[in-house]
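Hi,

Here is the structure I promised to pass on. Please have a look, and my notes follow below.

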Amino acid sequence: MFSDFPTKGSFALAEQAAYRPWRDLKISYYPITKEDIFVDIADPTQPTERERTKAMAIVQRTNFFLYRTPALSLPGREVALGLARAFGFHRLDANPMADEDGLTQVAVGEAGAKPRYIPYTDRPIQWHTDGYYNAPERQIRGFLLHCESRAVEGGENFLMDPEIAYILLRERDPALAAALSHPEAMTVPANEEESRAPCTGPVFSVDAPSGQLHMRYTARTRSISWLDDAVVRAAAQALARILDDSASPYVVRHRFAPGEGVVCNNVLHGRTGFRDAPTLGRRLVWRARSYDRIASPR
Ligand SMILES: [Fe+2]
């Protein structure tokens, strides 16, 4: 049944010899503090060699880094585009909400289509990876969130490396990791308004160009259907419990201040609900979604 699961490398169930050292190394990075994964970037349009080297060393370990740029020294759009370019996000996903340059302003929507979607409200967003409803040719391998301004209250983000989620699930029972690698494990139904076809695929897969683990997931229970299989259902529940563990040393929580943000290889994330003030104190986050993983080509 689970024959599409990789048979070679760290993710192969049969290859404990490749898996164990990788698992041990990944786990050895934790617990981490936020300062361990923060990079100060003086000019986000042109990060220095030293800043990029530090960021890449963190990404090697956790698949994401947090950054701090001088607040309000540049428009949020320029910061987000500068960092996207500097970290190899060359092909941005032009989703229906994106502007022409591929960036999306994530804020409480005032008009148009945005308020129908939870990201453009002040409501909480559950654990997910970006683009879990995208067709394979539009798979999101990286994204960036840049905070231009924050809400008066709430709006904290939480993040977890999907490789850790995979490890924790596999440690519980390898059959659970295998079940969520089934090519029909998770289905997102069609969205007629966006003329989007239904999308069925695995939660865990190996990204062909990079050989890295890719995760496609949402903790939403509405508008999602799981393969009608007892092990797949048990695996989805076990994963949800892993992510809901409020004492987990693997979850990084941060309420981004203006000028701060995250660059990642599409890690698991979500946010708490928030309250905007009528004028100053409205949350505005710039988002870039990329078909490319993080790279630092210079
Ligand atoms: Fe997201």
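The protein chain divides into domain 1 (1-30 + 162-249) and domain 2 (31-156 + 256-298), with bounds that come from an automatic or database domain assignment. Please note that this is a predicted model: local features need pLDDT of at least 70, side-chain atom pairs count only at pLDDT 80 or more, and totals for chains, interfaces and linings use all residues. Residues are numbered from 1 along each chain as its sequence is written.

Taken over C-alpha atoms, the centres of domain 1 and domain 2 are separated by 23 Å. Their contact takes 22 residues from domain 1 and 20 residues from domain 2; two residues are in contact if their C-beta atoms, placed from the backbone, lie within 7 Å. On the side of domain 1 that touches domain 2, helix H4 (162-172), E9 and strand E11 (213-215) each supply at least two residues. H4 gives the most to that side, with 3 residues. Helices (H or I, at least four residues) and strands (E, at least two) are DSSP runs, numbered from the N terminus. By class, this side of domain 1 has 11 nonpolar, 5 polar and 6 charged residues, where Ala, Val, Leu, Ile, Met, Phe, Trp, Tyr, Cys and Pro count as nonpolar, Asp, Glu, Lys and Arg as charged, and the others, Gly among them, as polar.

E9 also belongs to an open sheet of 3 strands, in the order E9-E8-E12 with antiparallel pairing. Strands E9 (199-201) and E12 (225-226) are the edge strands, each pairing on one side only; two strands pair if DSSP finds at least two bridges between them. Strand E8 (residues 186-188) pairs with E12 in the antiparallel sense over 2 bridges, and Met186 has Trp226 in E12 as its bridge partner.

Best wishes
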